[in-house]
Amino acid sequence: MTQFGRALDELGITHIPARSPQAKGRVERLWGTLQGRLVIEMRLSGISSLEEANAFLPGFIAEFNARFAVDPADPEPAFRPAPSLKDLECIICFKQERKATNGSTISFASHTYKLIDQKGNVALLLPKSNVTVLTHLDGSLSALYQDKPFSLKEFHSKPSSGEEKAGQVPSQSQSKPARRSPVPGQNHPWRSSLKEKPRPPKPDPVESYFAMKDKNSQIRLQKLYAET
């Protein structure tokens, strides 16, 4: 349902759409009369300015109604008393549904709001309950929760600088020192992995040569003994 259809429904007005000129015969006949007869009557009367046309209309309307008006079958007026101005402001507006959060707030147009009752207290909302946000014709916002009206107040998670009292600047003694990450000690196991482990000494190349030569000689002797 559109906002217009919703407003008509709340006002108790039945909307009967007519999707063709034939379904709107009476009003279309009136437009044809005004676009045809009225223009001709004004031309015959020599009217050529807006002021002359406005002065001509009252007499034309009286003559037109005397000729074509039909008395209603029921003389009682069908109009009903209009709602109060406060009710009209809640009807002729834009209504949108929102879900309440766990912190009794709602989000609307990229802003967070709290509901304030008529006594100035913050309303407690059930989580995920429906809240109707009303955007009035003057651009102001209000809300309906459980069929009760509320005003909206923007909610800030952090206090703004304007809310701080003037002249009260926290001193260095009152401010908490910055927390430093712990540093491991010199004997900590983490540091032992960073120290270089002692490497074995490199062998002397000359000693390695003679040791290898002696080993080859022993292998030859073992082969000779095995053959004999």
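Author: What follows is a conversation about the layout, the helix packing, the salt bridges and a few loop residues.

Author: This is a predicted model, in which local features need pLDDT of at least 70 and side-chain atom pairs count only at pLDDT 80 or more, while totals for chains, interfaces and linings use all residues. Residues are numbered from 1 along each chain as its sequence is written, and side-chain values use heavy atoms, with hydrogens and water left out.

Reader: How many helices and strands does the chain have, and in what order do the elements run?

Author: Helices (H or I, at least four residues) and strands (E, at least two) are taken as DSSP runs and numbered from the N terminus. Here the chain has six helices and six strands, and from the N terminus on the elements run α-α-α-α-β-β-β-β-β-β-α-α. With contact meaning heavy atoms within 4.5 Å, residues 24 or more positions apart account for 54% of the chain's contacts that have a separation of 6 or more. Buried residues (under 20% relative accessible area, against over 50% for exposed and partly exposed in between, with a 1.4 Å probe and protein chains only) make up 16% of the 228 residues.

Reader: At what angle do helix 2 and helix 3 pack, and how far apart are their axes?

Author: Two packed helices are described by the angle between their axes and the distance between the axes. The axes are lines fitted to C-alpha atoms, for helices over the stretch in contact, and angles run from 0 to 180 degrees between N-to-C directions. Helix 2 (residues 25-44) and helix 3 (residues 50-68) pack at about 125°, with their axes 12 Å apart. Angles under 35 degrees count as roughly parallel, over 145 as roughly antiparallel, 65 to 115 as roughly perpendicular and the rest as oblique, and helix 2 and helix 3 are therefore oblique to each other. The crossing of helix 2 with helix 3 is right-handed, a term used if the near helix is turned clockwise from the far one by less than a right angle, anticlockwise being left-handed.

Reader: Which residues of helix 2 meet which residues of helix 3?

Author: From helix 2 come Leu30, Thr33, Leu34, Arg37, Leu38, Glu41 and Met42, which meet Ala53, Phe56, Leu57, Phe60, Phe64, Arg67 and Phe68 of helix 3. By class, this contact of helix 2 with helix 3 has 10 nonpolar, one polar and three charged residues.

Reader: Which residues are linked in a network of salt bridges?

Author: A salt bridge is a side-chain nitrogen of Lys or Arg within 4 Å of a carboxyl oxygen of Asp or Glu, and by this rule the count comes to two. Arg6, Glu10 and Lys95 form the network. The side chains of Arg6 and Glu10 meet at 3.5 Å, N to O; being four residues apart in helix 1 (residues 3-11), Arg6 and Glu10 are separated by about one helical turn. Arg6 counts as buried at 12% relative accessibility, whereas Glu10, at 36%, counts as partly exposed. In the salt bridge of Glu10 with Lys95, the closest N and O atoms are 3.0 Å apart. Glu10 lies in helix 1 and Lys95 in strand 1 (residues 94-99), so the pair ties together parts that are 85 residues apart in sequence.

Reader: What covers the buried residues of helix 1?

Author: Gly5, Arg6, Ala7 and Leu8 are buried in helix 1, and what covers the buried residues of this helix includes helix 4 (85-91) and strand 1.

Reader: Where are Ser110 and Lys128 found, and what is phi in each of them?

Author: Most residues other than glycine have a negative phi, and most peptide bonds are trans. Ser110, in the loop between strand 2 (106-108) and strand 3 (111-116), has a positive phi near 65° and is exposed, with a relative accessible area of 81%. Lys128, in the loop between strand 3 and strand 4 (130-135), also has a positive phi, near 65°, and is exposed at 68%.

Methods: Nonpolar A, V, L, I, M, F, W, Y, C, P; charged D, E, K, R; others polar.
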